[in-house]
Amino acid sequence: MKKMEVLPLKPKSAISIKRDVHNIVIDADAADVAQAFQDVMIDTKRHFGLIKLQRMRANEGKPFSVGERFQGQYTLTLAKDEWPAFWRKIFDDLYDEEAVQVIVCEIQNSLLSDYGELSLLELNPKPGEPYRMQYRYLGHTDPKSGSPIAGSSMFIVTPIVDMKELNALGVSKASKLTQVFEYQEQTDFFAYFFSAGGLKLHNQVVYSQAKQAAELIGAKIIDSDIPKEYQAGL
């Protein structure tokens, strides 16, 4: 991961650059939501959908910092819970073998992971400005390793102060978590996969992150434009 490079977007590529934006409204102050979001990401015991955040050992348990690199690992040991019972039993039996654990780890790291570098972190903004966090995807010149997509993910937490909007939501305080995902798949295969279902999985992860952050501070999600069908199973 230390040797990976930020993957640039390529406007001249045959694969188009895309942008996916979603909003999640939480009945809590923006400062509390922003801090809780970081806290749940720091917690190594958590996972978001089928994704576990893997940080370098020296960074585990510490606040994030600009320039830090990390791995978002799609975890087969979590995914197996959705398999038919027959295959789940076979996997559990095989996973007792150390050699199988090594193979599974290699598959997760080389084929089923995103890698990112934190490029922006604003947890103490000026009054009236939003809280922001952004990371850019990392990889190698060879698209078979590293992240299968180029681009970035940004999370923006903005306080909702308009009384009409608060009244419409039925709360006295609220904030909006906006996720801006700008991406470009690195291969034709992954472009097909992402359009066929990968983006849905990505949105499930985002919703899970927001939901766990809200629950950590005793709040809840009161509105979201992520389809309810994409929120299921989290």
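Contact here means that heavy atoms lie within 4.5 Å of each other. With that in hand, welcome to this structure, which is a predicted model.

**The chain as a whole**

The protein chain holds seven helices and nine strands. It has 234 residues, of which 41% count as buried. If you take the contacts between residues at least 6 apart in sequence, 66% of them join residues at least 24 apart.

Let us begin with one residue. Arg-55 sits in strand β3, which covers residues 51–55. Is Arg-55 buried or exposed? Its relative accessibility is 9%, and the cut-off for a buried residue is under 20%, so Arg-55 counts as buried. Leaving aside neighbours within four places in sequence, Arg-55 is in contact with Ile-42, Glu-60, Gly-61, Lys-62, Pro-63, Phe-64, Glu-68 and Phe-70. Another partner, Ile-42, belongs to the buried residues of helix α1.

The buried residues of α1 are Ala-30, Val-33, Ala-34, Ala-36, Phe-37, Gln-38, Val-40, Met-41 and Ile-42.

Two packed helices are described by the angle between their axes and the distance between the axes. Helix α1 (residues 30–42) packs with helix α6 (residues 188–216) at an angle of about 110 degrees, and the axes are 8 Å apart. The two helices, α1 and α6, are therefore roughly perpendicular to each other. On the α1 side, Ala-36, Phe-37, Asp-39, Val-40 and Met-41 make the contact, while α6 supplies Gln-209, Ala-210, Gln-212, Ala-213 and Leu-216. Sorted by kind, the residues of this contact are seven nonpolar, two polar and one charged.

**The nonpolar cores**

Which residues touch the most other members of the largest nonpolar core? They are Ile-24 and Ile-26, in a core of 37 residues. Two or more residues of this core come from each of β2 (18–26), α1, β6 (131–139), β7 (149–160), β8 (174–185) and α6. Beyond its neighbours within four places in sequence, Ile-24 is in contact with residues including Leu-177, Val-206, Tyr-207, Ala-210 and Ile-221. Of these, Ala-210 is also part of the contact between α1 and α6. Another core lies apart from the largest one; it has five residues, among them Val-25, Ile-160, Leu-166 and Val-171.

Gln-179 is buried, with a relative accessible area of 1%. Glu-185 counts as buried too, at 4% relative accessibility.

Not counting residues up to four places away in sequence, Gln-179 is in contact with Asp-20, Val-21, His-22, Ser-153, Met-154, Phe-155, His-202 and Val-206. Under the same rule, Glu-185 touches Ile-15, Ser-16, Lys-18, Pro-148, Ile-149, Phe-190, Ala-191 and Phe-194.

The table below brings together pairs of residues that are apart along the chain, with their C-alpha separations.

| Pair | Apart along the chain | C-alpha separation |
|---|---|---|
| Gln-179 and Asn-23 | 156 residues | 6.5 Å |
| Glu-185 and Ser-13 | 172 residues | 9.9 Å |

Methods: Residues are numbered from 1 along each chain as its sequence is written. This is a predicted model: local features need pLDDT of at least 70, side-chain atom pairs count only at pLDDT 80 or more; totals for chains, interfaces and linings use all residues. Side-chain values use heavy atoms; hydrogens and water are left out. Axes are lines fitted to C-alpha atoms, for helices over the stretch in contact, and angles run from 0 to 180 degrees between N-to-C directions. Helices (H or I, at least four residues) and strands (E, at least two) are DSSP runs, numbered from the N terminus. Angles under 35 degrees count as roughly parallel, over 145 as roughly antiparallel, 65 to 115 as roughly perpendicular and the rest as oblique. Ala, Val, Leu, Ile, Met, Phe, Trp, Tyr, Cys and Pro count as nonpolar, Asp, Glu, Lys and Arg as charged, and the others, Gly among them, as polar. Buried means under 20% relative accessible area, exposed over 50%, partly exposed in between (1.4 Å probe, protein chains only). A nonpolar core is a set of buried Ala, Val, Leu, Ile, Met, Phe, Trp, Tyr and Cys residues joined through side-chain atoms within 4.5 Å.
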